[in-house]
Amino acid sequence: MDSALFQYALRLGDTSLILGHRLSEWCGHGPILEEDIAMSNIALDLIGQARMFLTYAGEIEGEGRDEDALAYHRNERDWRNMIIAEQPNGDFAATMTRQFLVAAWQVELYTALTRSTDERVAAIAAKAIKEVTYHRRHAGEWMVRLGDGTEESRTRLLDALVEFWGYTHELFELDAVEADLVARGVTVPAESLKPAWDAAVNAVLAQATVDRPGDGWSIRGGKDGIHSEHLGYLLAEMQSVPRAYPDARW
Amino acid sequence: MPAGSPNRNPDAAVARHSEAKAWKVLDAVVDPEIPVLTIGDLGIIRDVKTEGDRVTVTITPTYSGCPAMNLIEMQIRDAILGAGWADVAVVTVLSPAWTTDWLSAEGREKLKSIGIAPPVGSAGGRGALFGAEPTVSCPHCGASTTTKLSEFGSTSCKALYRCDACLEPFDYFKCL
C-alpha cells in the first residue's frame, strides 16, 4: 500500500467531510433563508469532495473499506482532518470566518493539485476548485459586510478571527508524509501555498477594515490524529446511526 | 479487412447502430431536480458503448455533492434494462470536470421556458468564477436589470436572482 498517499487522501477527505458536517449543522438555523440554503449547498459540495477522496483512500488501502466505512467506522484518533475544520460553529461570524480561512487555503491547494502527477488527485482537484472558489467568494463577502458593518458585527468578526487564527498554521506545515509526496510530484510543499493565501486573506481583511491577528499561538496535530475535544462529540453524532445499525441498507 | 475502414466492418456497424439506440433510450432520462432537462441536455453523458447485450454508460457529476447523481444512475440502469439490454454498467469519470458549456442549446431554451435563466457566457473565461458579475436577463419578462439575491439557490447549480422590472424572483443556472 502507498501509505503516504493513503494518509494524504484521508487528510483531504476528512477535512472536507468534517467541515461539511459542521456547516450542515446550520441547516434550519441560518440567520436568513438564503444563507441557510447557502451553507447547506456548501456543505454538500464539501461532502461530495470528501466522498471522492475517501473512496480513493479506500482503494489505495486495498482492504475493502469504502467511503462509508471510512466515514462512519473510524474513531477519533484515526481522523486526519485539520483541527480548524472541527471547531464548533459559534455564531454566524465565526462560521463565515472559519469558512473563509479554510476556503482560501483550499483554493490555493486545489489549484496546485490540478497539476498533480497522480491523475486521480488532479481530477478531484479540477472538480473541487470550481466549487471552493465560490465558497471563498461567498465567505469573503460576509467578512467584508461584518467587519465593515455595525459595532456588533465587527466585534463578532474580530473575536472569530482571534479564535481561529492559531489553527491556520497547521495548514502550511510540511511533514514526512507530504515530503514523500512532494518528491513524487503528487503535491506541493504545504508552505508554498502560504504567500498566495496571505495575499487573499490580507486583501479581504483590508476591505473588511480589520487588522490581521498576530501569530501568537498555534495548535497542530490533526494531520496525525491528535484533535481538539470537539471532534469526538461531532463523530458521536455523525456516526450514531450507522454504528447503531451497522448492517442497515437503503 | 484494412484498419480504419469501419464502414466495411459489420460488427462495428452493428455496434454503432446499437449505441445510437442506447443514446435514444437515455433521452428519456431526466434530471430529477430539473425534469425538463434530459441528462443529454445537461451534458453529463460522456460516452455510451455497447458490447453485445451489455451497455456501458459513462457519466460525470455536475457538482461533487450533487444528490441527484445516485438517482440518475438508477434511472439510467432502469432505462437501459427496460429497453431490453441484459446488462448495464454506469461508470463515473471526474476528468475533464463538467462545465455548463456542455449544456445543449435546446436545454438552455427549456430552462428559460420554466423560468430558470440559463448560464451567461462561457465558463472557459472563468470571469464568473472569479467575481465578475454576469448580466442575467429575467426569464419571465426579458428585462436585463436584475439583482443577485444569493450565490446559492434551490440546488447546487443555481443562484437566486430578482428582476428589477417585473419584481419576480427567479433561479439562475450558474456558469461553472
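Visitor: Where in chain B is Leu167(B) found?
Guide: In this predicted model, Leu167(B) is in the loop between β6 (158–163) and β7 (169–173) of chain B.

Visitor: Why is Leu167(B) called exposed?
Guide: Count its C-beta neighbours. Leu167(B) has 10 inside 10 Å. A residue is exposed at 12 or fewer, so Leu167(B) counts as exposed.

Visitor: What makes the phi of Leu167(B) worth a look?
Guide: Its phi is positive, about 70°, although Leu167(B) is not a glycine. Most residues other than glycine have a negative phi.

Visitor: What about Thr209(A): what is its phi?
Guide: Thr209(A) also has a positive phi, about 55°, and is not a glycine. It sits in the loop between α9 (194–207) and α10 (230–238) of chain A.

Visitor: How do you know whether Thr209(A) is buried or exposed?
Guide: Thr209(A) has 11 other C-beta atoms within 10 Å. The cut-off for exposed is 12 or fewer, so Thr209(A) is exposed.

Visitor: What kind of peptide bond joins Ser95(B) and Pro96(B), and how do you know?
Guide: Look at omega. It is about 0°, and the bond is cis. Most peptide bonds are trans. Pro96(B) lies in the loop between β3 (87–92) and α4 (105–113) of chain B.

Visitor: Why is Ile116(B) called buried?
Guide: Ile116(B) has 21 other C-beta atoms within 10 Å. Buried means 20 or more, so Ile116(B) is buried. It lies in strand β4 (residues 116–117) of chain B.

Visitor: Which residues is Ile116(B) in contact with, leaving aside its neighbours within four places in sequence?
Guide: They are Leu111(B), Pro139(B), Lys158(B), Phe170(B), Asp171(B) and Phe173(B). Leu160(B) is 44 residues away from Ile116(B) along the chain, and their C-alpha atoms are separated by 9.8 Å.

Visitor: What elements make up chain B?
Guide: Chain B has four helices and seven strands. From the N terminus they run α-α-β-β-α-β-α-β-β-β-β. Of its 176 residues, 35% count as buried.

Visitor: And what elements does chain A have?
Guide: Chain A has 11 helices and zero strands.

Visitor: How do you know how compact chain A is?
Guide: Set its radius of gyration against the globule rule. The radius is 18 Å, close to the 18 Å the rule gives for 250 residues, so chain A is as compact as a globular protein of that length. Its C-alpha trace spans about 55 × 45 × 30 Å along the principal axes. Buried residues make up 47% of the 250.

Visitor: How many contacts in chain A join residues at least 24 apart, among those between residues at least 6 apart in sequence?
Guide: In chain A the share is 73%. In chain B it is 52%.

Visitor: Why are α2(A) and α6(A) called roughly antiparallel?
Guide: Take the angle first. Helix α2 (residues 33–61) and helix α6 (residues 119–147) of chain A pack at about 165°, with axes 11 Å apart. Angles over 145 degrees count as roughly antiparallel, so that is the name for α2(A) and α6(A). Their crossing is left-handed.

Visitor: Which residues make the contact of α2(A) and α6(A)?
Guide: From α2(A), they include Ala38(A), Ile42(A) and Phe53(A). From α6(A), they include Ile124(A), Ala128(A) and His135(A). By class, the contact has seven nonpolar, three polar and three charged residues.

Visitor: How many residues of chain A are in contact with chain B?
Guide: 21 residues of chain A are in contact with 19 residues of chain B. On the chain A side, α6(A) gives the largest share, 11 residues. By class, that side has 10 nonpolar, five polar and six charged residues.

Key
Residues are numbered from 1 along each chain as its sequence is written. Chains are lettered from A and ligands numbered from 1 in the order in which they are written. This is a predicted model: local features need pLDDT of at least 70, side-chain atom pairs count only at pLDDT 80 or more; totals for chains, interfaces and linings use all residues. Helices (H or I, at least four residues) and strands (E, at least two) are DSSP runs, numbered from the N terminus. Two residues are in contact if their C-beta atoms, placed from the backbone, lie within 7 Å. Axes are lines fitted to C-alpha atoms, for helices over the stretch in contact, and angles run from 0 to 180 degrees between N-to-C directions. Angles under 35 degrees count as roughly parallel, over 145 as roughly antiparallel, 65 to 115 as roughly perpendicular and the rest as oblique. A crossing is left-handed if the near helix is turned anticlockwise from the far one by less than a right angle, and right-handed if clockwise. Ala, Val, Leu, Ile, Met, Phe, Trp, Tyr, Cys and Pro count as nonpolar, Asp, Glu, Lys and Arg as charged, and the others, Gly among them, as polar. The radius of gyration is taken over C-alpha atoms; the globule rule is 2.2 Å times the number of residues to the power 0.38.
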